[in-house]
Structure formats: C-alpha cells, structure tokens
Amino acid sequence: MSILSTEQLSHSFSDNWLFKDLYIGFSKGDRVALVGINGSGKSTLLKILSGQLIPGLGKVVTEKNLKIGYLEQDPQFNSLSTISDFVYSIGNKQQQLIRRYEEALSSEPHDERLLNNLIDELSLENAWEYEYKIKTILGRLGIYKLDQSISTLSGGQRKRLSLAKLLIDEPDVYIIDEPTNHLDIETIEWLESILTTGQKTVILVTHDRYFLDNVSTQIAELDKGKLQTFKGNYSYYLEKKAEQQIAENASFEKNTNLLRKELEWMRKQPKARTTKSKSRINSFYELEEKTKDKNIKSTLELGVNVARQGNKILELKEISKNYGSAKVINAFSYTFKKGDRIGVAGKNGTGKSTLLNLITGSATQDSGIIEIGDTTSFGYYKQGGLDFNNDEKVIDIVKNIAEFITMSDGKILTAAQVLTHFLFPPAKQYGLVNKLSGGEKKRLQLMRVLMKNPNFMILDEPTNDLDIDTLNVLEDFLLKFPGVLMLVSHDRYLIDRLTDQLFIFEGDGKINIYSGNYTDYRFERENQKINQKIQPKSLPDTVISTPVIKLSFIQEQELNMLEKDIADSEQTIKDLTAELNDITEHKKLLEISEKIKKLSSNIEVKTARWMQLSDIKQTV
C-alpha cells in the first residue's frame, strides 16, 4: 500500500516540459533512487514530492499525518539565527528539554539545582536515549558549537547541518538530494547504515554509485519526461538497462532500414498523385519520429597527448604544515613516479586539500623541501573553482584555453568536439554560462583543466553535483590519461576504479601510504579490528603516567544514568526474548528481532562510555 504517490504529475520550466503524466507510488520501507542526466528534473521532482514546490499539473497524494523530511542540495534556513534554533524544533517537547539541558551544561558556573531538575525531567520523558542520539549525529557530522551563527557556516557545513536535522527528526519519509556531498568516506558509510536500518522509506538522488548500490532497493529512471522503475539495486538496474539497450538498438536498426525503404517509396510517388495509402504515410512519419528521437551516445574515445614528462616529476622531502596549534602535515616525504595514480582519503579537516595546495604552490610549507621537475605541468581542479564570466558563451570559455586538443593518435579535436563528448550539445555550447545548472558549470570548469593537456592531474572532489553519465565520461578520460593522477574524492567507486595507491590522512599530521585501492584498505582495516578483538586486551604503558582526573558533577550524573539505562535495556531484551517464544507471525518476529538488535547495539555504545567514566572514577 502506497503512503506517498503521484497522479498525472507534470511540470515545466519556460514552456519546456520536464515531465508529464508521472504515476509512481512509494510504500513503507521502499528505498528508491532517482537517476537521470542533469536537467532531467530529478531535483524538481523531489521538491514536488516533499511539498516544497507546487506541480504545474497533477497532484501528490499522501497518507494522513505523514511526516516528510527533505534534504535539498542548497539548504535554506530562513530567519533562524543559531545552530540550536535549527536543530531543536519549537514544537518538539523532548528536543526543547534537551536544548535547555545542553545550555545548562555549557553555562559557567553550573546551576546544580536547575541541572538536577532537568535530569529528572529527561528521565520522566524517557529522553536520555534521544539526547545521546542527537549528540552522536551532531558529532559524526562535525557539528559542535550549537551557539554558532548559521550565517558563518560554509556551504558544506550548512549541508551537514541540514542532514543532521533530518536524521534527528526521524520522518516517515526521507527525501534526500545528494546526501554524500561534503561528507568524508567514513561518514558516508555511517549514513548508509542509518538509512538501511529498520523500515525507513527513502527517496534519494545521488551520484555515488556505491551508495546507490548499498542503499537502494528500487531505481526510478527519469528520461525525456518519462519515469521507468526497476526493482532491485543499482547493479541490477545496470544489468536490465544494458539488456534493454541491446533490444532498443536492434529495434532502432530495424526501424532505420524500414525507414529507408519507406522514404524511397515516398519519393517515387508523383507529387500530383493523391491516392497514396494514408495508413502507410502515417506509418512513415511514426518511423521517422522513432528514428529521429533515438539518443545515440558518443563513442568518441579521448586519449590525450600530454606534455612529455622527464625522469624527475615531483619530490616531497620532510614537508610539514601547521595552522596555529593544529598539526596538519608532519614530516611527509614521497617521490612521485611515472604512472602514479594516487587516491587521497581521510576525514574532513585532516589536511587533504592543504597537501594539494602545497604541491601546486597555492600554499607554503612551514618546513621541508618541494622539488618540481622541469617538465611537470599541473592541471588542478579545485573545489568551488567556478571563476568564469557568466555572460560568456560556453564554447568561448573552452576556446580561451585552447582552440583544439591533440589526441594520443595524432588526431586533432576542436573545442566543440570535446564539449560534445562531455555532454554539451551544440545548443548548450552557444548558450550563455549563466543558463547552465550548478552541475553543468562544474563540468565546464573541469573541462578547462583537461583542455590544458597537463601531465600531472590533481582533482579535488570533482564528483560533487555531477550526474552519473558525466562521471562515466570523466572516468573513461582519466583511465586513458597517461600522466600522474592525484584524486581527492569521497566517491569510493571512483577511487577504486582510478587509483592503485592511497595517501590516508589519519589526523594530527600523519599520512599513511597504502598500496592498493580503497576497498582493499577497508577490508584490511576491518580484519585488523577483528584480530584486535580476539587478542587479549592489555593496557598501554602510557596509562600509568596519565594524570588523575576527577569526574565532574555532570559526568557523575551521566555515569549514574548509564548504569540505569544499561540495566533497563538488558531487562527489555530479556522480556523481548521471552516474547519471541510465543510468537509465530513472521512479521512480528522480524520487528522484535530488530528491536533486540538495536537495543544490543545501544548497550555496546553505552557500556564503552560507562567503562571510560568508571576508569576515571576508580583512579581518584
């Protein structure tokens, strides 16, 4: 049964229909990924489904009291002033109680009477688990200063704040537009686990193919104003789409051959003759329309003829960089070799972009030596590097860099031909830049870098806001690129496909060099964690010299509450386990098993915190 559906949904912009007569329904537990090229109307459809935009025709039907949460590409915060104002909804009693508690905690000196009263209220409202969940979500998304003004946040911080609010509110339907932008890989994997836990209903748009594969159970493709659904994840969709394409190609070839015969027949008829078969004439025009509308994707292969690269490419010798007291890069050394394909990974803020800026001279190291080879030519795509004039034509933007590009086989391609390959049709090429979407502008900026024919390519998060078709073109180009490649990306699929070595930024200035792709690295890391759990635990020597820290009043209260919460959760698990013995209904068994799994997970987290606080208390 659908909890959210559309009826004859249609919408247009500037007299151009994005889609017409769409019918689609979403049931509880569906996780649907919407795919399609930039400009096909994906984000518009999400806005209509979420109630942010009124459709031109048709309607959206929802179940009574359905709560819909929406994460847009560029979040708006209206008149809200601080992070707290946005995170804690005025109409939510538990959230407002938690807000008062957090504000009381942060005020100095503590009002112990007020804190005790708030602790009692939180217990009465059963809000401790919710408070812990809110803290966890905000922490994982790097949000700590709740009194910070929203106006001071960067675009990435605003996106993470909006995502945090969506997860905290736990709506009935999650409508999410590009959720992985501005997240590091670990946070993306954490988000995957949240969205796939329980019976969440999710409708999303994302370019991250691993995320698509891991989260979605259904794919809805929006193409030329029509919506086609495929039951299964993204890999299944690709298989079925390939089969469909083969059938369509065969049909297209058949129609083309038939059209030639019909065209010949039409031409042979005397102009004055009026006795032509009306049905045959109609069939001719139908065939012509089918053949004309066939979308044949470019098969052009780009293998660029890069500048000659000498034996010495780039050498980093014990380079270090600090920002204030924060150590970003500490005594890092590496000698780049011909054919190096390096992925750069790590949490946000650990120094990935700083390393790229040091290499290209945009920043200066505090110590160490950077030696660049005489023949090394950098091509550097930066985040947010959209620095062209919006009043220029698209083709002129590219021609300002180069009128043509020389391929590895000696052939010369014009700027227009390269633009066509990167999915800019002639109508777009001679249009103004200000008419392009955000994703198309980023694609154009990327093209400018590629047209310079560098032999050392550096790409800093090139996938944000690009559709999957564009990413496929970019991948094909980079796979054939014969120079050195450095890629910073949260897109695990892209790193796996394009790189064979990693610089892992572990924080505090440490960079670990790993031979292999990201999947290899993650697999090895998981095995290490498993082995560590098996080995008997021993306290490191540094524990002996750790200074004695007394528990604060707040930590004492937290320790007491953790003891009670753990005991209550363990009792609940016992009760649910006993209840399982008397149930035969499959659906009910799954629900109770999911509850037990969730409670067990919470107990593990709370026990770890309880042990930490208990250790501190015992040393006093």
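Glu189, Glu192, Asp208, Arg492 and Arg522 are linked in a network of salt bridges, and a search of the whole structure, which is a predicted model, finds 23 salt bridges.

**Salt bridges**

| Pair | N to O distance | Accessibility, Lys or Arg | Accessibility, Asp or Glu |
|---|---|---|---|
| Lys59 and Glu7 | 3.9 Å | Lys59, 46% | Glu7, 37% |
| Arg99 and Asp85 | 2.9 Å | Arg99, 17% | Asp85, 27% |
| Lys135 and Glu131 | 3.2 Å | Lys135, 41% | Glu131, 6% |

The side chains of Lys59 and Glu7 meet in a salt bridge at 3.9 Å. Because Lys59 belongs to strand 5 (residues 57-62) and Glu7 to strand 1 (residues 2-13), this pair ties together parts that lie 52 residues apart in sequence. Lys59 is partly exposed, with a relative accessible area of 46%, and Glu7, at 37%, also counts as partly exposed.

The salt bridge between Arg99 and Asp85 has an N to O distance of 2.9 Å. This pair links distant parts of the chain, with Arg99 in helix 3 (residues 93-106) and Asp85 in helix 2 (residues 83-87), 14 residues apart. Arg99, at 17% relative accessibility, counts as buried, whereas Asp85, at 27%, is partly exposed.

Glu131 and Lys135, whose closest N and O atoms are 3.2 Å apart, both lie in helix 5 (residues 128-140), where four residues, about one turn of the helix, separate them. An α-helix has 3.6 residues a turn, so residues three or four places apart point the same way. Glu131 is buried, with a relative accessible area of 6%, while Lys135 is partly exposed at 41%.

**The open sheet and the helices across it**

Six strands form an open sheet of mixed pairing, in the order 6-7-8-4-9-10. Strand 6 (68-71) and strand 10 (226-231) stand at the edges with a single partner strand each, so one side of each is left without a neighbour in the sheet. From one strand to the next, the twist averages 15°. Within this sheet, strand 4 (residues 31-35) and strand 8 (residues 201-205) pair in the parallel sense over three bridges, and Arg31 has Val202 of strand 8 as its bridge partner.

Two helices lie across strands of the sheet. Helix 1 (residues 42-50) lies across strand 4, strand 6, strand 7 (173-177), strand 8 and strand 9 (218-223), and runs at about 150° to strand 7. Helix 6 (residues 155-169) lies across strand 6 and strand 7, and its direction makes an angle of about 165° with strand 6.

**Helix 4**

Helix 4 (residues 112-124) has 13 residues, which at 1.5 Å a residue should span 18 Å, and the 18 Å between its end C-alpha atoms agrees with that expectation. Leu115, Leu118, Ile119 and Leu122 of helix 4 are buried. These four residues fall on the same side of helix 4, because they cover an arc of only 105° around the axis. On the other side of helix 4, Arg113 and Leu124 are exposed. Helix 4 is followed by Asn126, which has a positive phi, near 50°.

Terms used:
Residues are numbered from 1 along each chain as its sequence is written. This is a predicted model: local features need pLDDT of at least 70, side-chain atom pairs count only at pLDDT 80 or more; totals for chains, interfaces and linings use all residues. Side-chain values use heavy atoms; hydrogens and water are left out. Two strands pair if DSSP finds at least two bridges between them. Axes are lines fitted to C-alpha atoms, for helices over the stretch in contact, and angles run from 0 to 180 degrees between N-to-C directions. Contact means heavy atoms within 4.5 Å. A salt bridge is a side-chain nitrogen of Lys or Arg within 4 Å of a carboxyl oxygen of Asp or Glu. Buried means under 20% relative accessible area, exposed over 50%, partly exposed in between (1.4 Å probe, protein chains only). The expected span of a helix is 1.5 Å times one less than its number of residues. The arc is that of the directions from the helix axis to the C-beta atoms.
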